[in-house]
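Here is a short report on one model and the way its chains meet. Start by looking at the structure below.

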Number of protein chains: 2
Amino acid sequence: MDRLMEKVKVLKNPTVMGLDPKLEYIPFSIRKKNIELYGNTFKAAAESILEFNRKLIDAVSDIIPAIKLQLAYYEMYGTEGLKAFEKTVRYGHEKGLLVIADGKRNDIGSTSEAYSSAYLGETLLEDNVTKPVYDADALTVNGYLGIDGIKPMIDDCMKYRKGIFVLVKTSNPSSVQLQDMVVQDGRRVYEVMADLVSEWGKDTVGKYGYSPVGAVVGATWPQELKKLRARMPHTCFLVPGYGAQGGSAEDVAGAFDNNGFGAIINASRSLMCAHKLQRWNGKFSEEEFDIACREEALHMRSELQKICNF
Amino acid sequence: MDRLMEKVKVLKNPTVMGLDPKLEYIPFSIRKKNIELYGNTFKAAAESILEFNRKLIDAVSDIIPAIKLQLAYYEMYGTEGLKAFEKTVRYGHEKGLLVIADGKRNDIGSTSEAYSSAYLGETLLEDNVTKPVYDADALTVNGYLGIDGIKPMIDDCMKYRKGIFVLVKTSNPSSVQLQDMVVQDGRRVYEVMADLVSEWGKDTVGKYGYSPVGAVVGATWPQELKKLRARMPHTCFLVPGYGAQGGSAEDVAGAFDNNGFGAIINASRSLMCAHKLQRWNGKFSEEEFDIACREEALHMRSELQKICNF
C-alpha cells in the first residue's frame, strides 16, 4: 500500500482504470483485423483485447497510478484470454502502472498458497527454483473462509511487497442478502468482515498508515463507505462502482482519510467506453476510444482532486 | 444433478477424485522426463501434471462418477497450467467422467456471466457464434455477493445441463470466523447461506429431487452436515475434506438422503498419494501411484457403500 499511496501522491490521483474488456467495447476495425488474421476464434478475441488494453494504457499511464484487470473477462477466452491478461499485466508494468488482479480468489490454506503463487508470489519448480507467474501487484480476495485462506497471501504480500483487497461490502444490489444481515452483537455481516480484515492487517501497517490487507467497498454505498473508513483506519479501500455503476465523486468522498489517501477509485466502463458518454456529446468516434478515455480520466481526476483536497 | 445422481446410481459410488496435483505428489521419473524435454519450466510442470492426471483417471474412471479439479493448482503454472487443466477436463470427459471445476468464483452479475461462459456455458464471439471454453460440468461458487452473481450461472446450468456448488460451510478450521457467527434470528451465517442456496434452487428440482444449485459442506463438520441435509432437502452436497483432511465415512454419513443420494464425497490427497498411506503398508512404490489410487478408491467406495446402503 506504500507503493500505491506513493503513486497516488505523486500523480495527485487515486483513479484505477478497470480493464474488463468485453468484445463489444472494442472498435470494429480492431476486431475485424484480428478476425482476418486468426479467424473467428478465442485467439482473435484475445489479440483484440490486448490491443485495446495497450491503447487504453498508453492513453492514461502518465496520469493514473494503477489498473485493475477483471480476470473473468480473460478467462472467458480460455488460455488465449489469459495470455492477453499476462501481457497486459506486463505492459502495465512497463508503463509504470501498478496492476491489480481482480479475481476474488478464495480457498482453504494450502490451496490459497497456490493462488498466491499465481498472482502475488512465485511458483516453486524443481531444485528450489521459483518463478513469478502473473506477478500482479495486488489481488482481490473473498474472505468467507476466514484467516486460513488469507494468511498465505499476507505472507507473500510481506515477502514480495504486494497487497490484497478483501471483499467487505460489494457494489451490487444483492450484496445486502448476506452482507447486511445483523449478527447478535448488532454488527452487520460486512462489519464483521471489516473487523476481521482490520485485524488481519493490524501488524503490517506501512508508512502511509495502511496495511497490505485492503478492503473492497462499493461506491454504491456512500454511507457505509464513510462509516467503514472510520472503523478501519489502517485499511486501504479499493472502491469499484464509480461511473457506469452509478457512483459519483461525492459518493466516494467518505472513502478517503483527511489527507486524501486510503482509497483508490475504480472506473471500468466509463473509461473504456468514454467515447459513448453523454458528457462528450458525440465528440469522439469509436476509433478515438483512447483519446476519449484520457479526457474522461482527466475529468475523473479533477472530480476526485476536489474531494481529496490534493 | 440428475446426470450426477444417475452416475452415482449406476456405479453405486458417490466418490469424487480431487485432482489438486502438487508437483511433489508426482513420481520423480515423470518429472525428470519432462524436465529433460522442456527444461525446469512451467511447461514441464504442466506436462507432468497432465500425465499424472491421465494415469489417475485411467485408474478409476470405471468405478467413480466424477473428478474435481482445483483451479489454483493449475493457475499457479500460468497458461501452461491452464492448458493442462483444459486437457484434463477433456480427458475426463472422454473417459465418461463428470468434471467439477473447483474455482470458487464469484462476482457481480455482469462479471459472473463471464465466469459462467468460461466454465459452464459458451463464450460469444463475432457474428453470434458461441463456443464452449473449459466446458466443465459444474463449478464451485462463493455466494458472498448474493443472487446477482449466481443468477447468470443458474441460467447456464439450465441451458447447458450444468451445475454449481455454492460454499455454505467450508472444511477449514477458520471457517468458523465468519460462517459460524449467529445472526439476530438465531441462524448462523452458514445457515443463512444455506437458506439462500436452497431458495435459489427451489424452482429447478430434477428427477432425483435435487436442483442444479448445490452446496459445499465440509466433511470436517459431521453434525452441521446432518442438520444441513435436513434443512436443504433439494440441495446436493459436494463434501470435501474426506481422507487427508480428516473426514471419515462415518463423518459424511449425514450428507446423504435415505436412498444414499444427495451428496458426493471428494478425496484428493488420499487418492492421488494413496501409495503413501499407512493402510497400504509400503505395498506400492511411487511409480505405482495409479494402482494404489485404484485400491484406495475401491476401499473408499466400499466404506461409502456401507453408509449409503447401496
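The model is predicted. In it, a salt bridge joins the side chains of A:Lys104 and B:Asp107, with N to O at 2.8 Å. The rule finds six salt bridges across the interface of chain B and chain A.

**The interface**

Chain A gives 73 residues to the contact, and chain B gives 73 residues. Between them the two chains bury about 6000 Å², and 57% of that lies on carbon and sulfur atoms. On the chain B side, B:Asn40, B:Glu126 and B:Tyr144 lose the most area to chain A. Together these three make up 13% of what that side buries.

Polar contacts are also counted: 45 residue pairs between chain B and chain A, both at pLDDT 80 or more. Helix H6 (residues 109–119) of chain B supplies the largest share of the side that touches chain A, seven residues. By class, that side of chain B has 37 nonpolar, 22 polar and 14 charged residues.

**A:Lys104**

A:Lys104 sits in strand E3 (residues 98–105) of chain A. The UniProt annotation "active site", from an unreviewed entry, covers A:Lys104. Is this residue, A:Lys104, buried or exposed? A:Lys104 is buried, because its relative accessible area is 7% and the cut-off for buried is under 20%. Beyond its neighbours within four places in sequence, A:Lys104 touches residues of chain A, including A:Gln70, A:Thr140 and A:Leu167. Its contacts in chain B are B:Lys104, B:Asn106 and B:Asp107.

**A:Asn106**

A:Asn106 lies in the loop between E3 and helix H6 (109–119) of chain A. A:Asn106 counts as buried, at 2% relative accessibility. Its side chain has a polar atom placed by the backbone oxygens of A:Lys104 and B:Lys104.

| Backbone oxygen of | Distance to a polar side-chain atom of A:Asn106 |
|---|---|
| A:Lys104 | 3.2 Å |
| B:Lys104 | 2.9 Å |

Leaving aside neighbours within four places in sequence, A:Asn106 is in contact with residues of both chains, among them A:Tyr115, A:Leu145, B:Asn106 and B:Leu167.

**Helix H1 of chain A**

Helix H1 (residues 2–11) of chain A has these buried residues: A:Asp2, A:Leu4, A:Met5, A:Val8 and A:Leu11. What covers them? The cover includes strands E2 (66–70), E3, E7 (163–169) and E10 (263–267), along with helix H13 (289–308), of chain A. After H1(A) comes A:Lys12, with a positive phi near 50°.

Technical notes. Residues numbered from 1 in each chain as written. Chains lettered and ligands numbered in written order. Predicted model: local features only at pLDDT ≥ 70, side-chain atom pairs only at ≥ 80, totals over all residues. Heavy atoms only, no water. Contact = heavy atoms within 4.5 Å. Buried area = accessible area lost by both parts, 1.4 Å probe. Salt bridge = Lys/Arg side-chain N within 4 Å of Asp/Glu carboxyl O. Polar contact = N/O pair within 3.5 Å; in protein donor to acceptor, adjacent residues only side chain to side chain. Helix = DSSP H or I, 4+ residues; strand = E, 2+ residues; numbered from the N terminus. Nonpolar A, V, L, I, M, F, W, Y, C, P; charged D, E, K, R; others polar. UniProt positions renumbered as here; feature names shortened; annotations may be inferred. Buried < 20%, exposed > 50% of the residue type's maximum accessible area, 1.4 Å probe, protein only.
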